[in-house]
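User: Can you walk me through a structure? I'm new to this, so please keep it simple.

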Amino acid sequence: MECKKCNSKNYIKKGLRDNKQRFYCKNCQRYFQSDYTYQAYKSETNKFISTLLKESCGVRSIARILNISNKTVLSRMLKISKQIKIPYFNKFGCKFEVDEIFIRIGNKDVRNYLTYAIEQNTKNVISFTVGSRNTENLRFVIDKILLLHPKRIYTDKLNIYPTIIPKEIHKRFQYCTNRIERMNLNLRTHIKRLSRKTICFTRNQKYLEAHLKIYFWG
Ligand SMILES: [Zn+2]
């Protein structure tokens with residue numbers, strides 16, 4: 001047996017809990033057991049959760065597959081997303097596409113959107129925001145792109161864009177956002193939270209943001 005946290009063999013028996021032998025690792029100074037009653041203690045749980053979240057599994061189905069509780073899945077989701085570092089895109093002069101897709105969060109009378117931007121060739125997601133389709137939210141995404149000195153920004157015909165994107169680099173015509181429209185379909189297929197007419201998830205915004213972060217950058 002090895003230490004579950006650091007794989008060292010430098011450990012001793014120390015203490016009992018619920019009649020189970022506990023071990024103390026002298027290398028990382030932490031305690032562990034050879035097996036756990038609580039399944040979520042296993043070190044690969046987080047990896048499974050983030051993989052299953054990208055394969056269109058709902059929270060309850062993940063809980064059933066891994067034999068852990070719903071609440072653990074939700075809290076781990078937030079924990080995993082907090083640890084993700086957003087990769088820094090540092091190529092200048094690229095072409096970007098921006099689009100919004102309709103999502104259901106919060107009150108059902110409010111129309112909310114996921115607005116996000118991708119680079120055309122690599123399809124890297126530069127930035128995203130969740131909320132209503134107003135100037136403030138769109139500007140959050142657009143400003144991130146403008147920092148990269150874009151060659152072009154392609155958008156749909158929403159009338160807010162011309163007010164926040166310089167005219168020389170802004171293009172909007174039919175078919176110019178094909179790539180991001182295709183990606184919208186991927187998102188709806190791969191993320192259970194974005195599929196329509198399901199009862200599989202909470203409508204809480206923080207969980208959706210965590211899920212998207214794991215999908216885009218995790
Ligand atoms: Zn250790």
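User: Is C28 buried, exposed or partly exposed?

Analyst: Quick heads-up: this is a predicted model, where local features need pLDDT of at least 70, side-chain atom pairs count only at pLDDT 80 or more, and totals for chains, interfaces and linings use all residues. Residues are numbered from 1 along each chain as its sequence is written, and side-chain values use heavy atoms, leaving out hydrogens and water. Buried means under 20% relative accessible area, exposed over 50%, and partly exposed in between (1.4 Å probe, protein chains only). C28 has a relative accessible area of 21%, so C28 is partly exposed.

User: Which protein donors does the zinc ion have?

Analyst: Donors are N, O and S atoms within 2.8 Å of the metal (3.2 Å for Na, K and Ca); water is not among the atoms, so sites may look incomplete. Here they lie 2.2 to 2.3 Å from the zinc ion, and each one is an SG atom. The residues are C3, C6, C25 and C28.

User: What arrangement do the four donor atoms make around the zinc ion?

Analyst: Four donors count as tetrahedral if all angles lie between 85 and 135 degrees. Around this zinc ion the angles are 101 to 114 degrees, so the arrangement is tetrahedral.

User: How far is the backbone oxygen of K47 from a polar atom of the T51 side chain?

Analyst: T51 sits in helix α1, helices being DSSP runs (H or I, at least four residues), numbered from the N terminus. With a relative accessible area of 43%, T51 is partly exposed. From the backbone oxygen of K47 to that side-chain polar atom of T51 is 2.7 Å.

Methods:
Tetrahedral: all angles 85-135°; square planar, octahedral: opposite > 155°, others 65-115°. Helix = DSSP H or I, 4+ residues; strand = E, 2+ residues; numbered from the N terminus. Polar contact = N/O pair within 3.5 Å; in protein donor to acceptor, adjacent residues only side chain to side chain.
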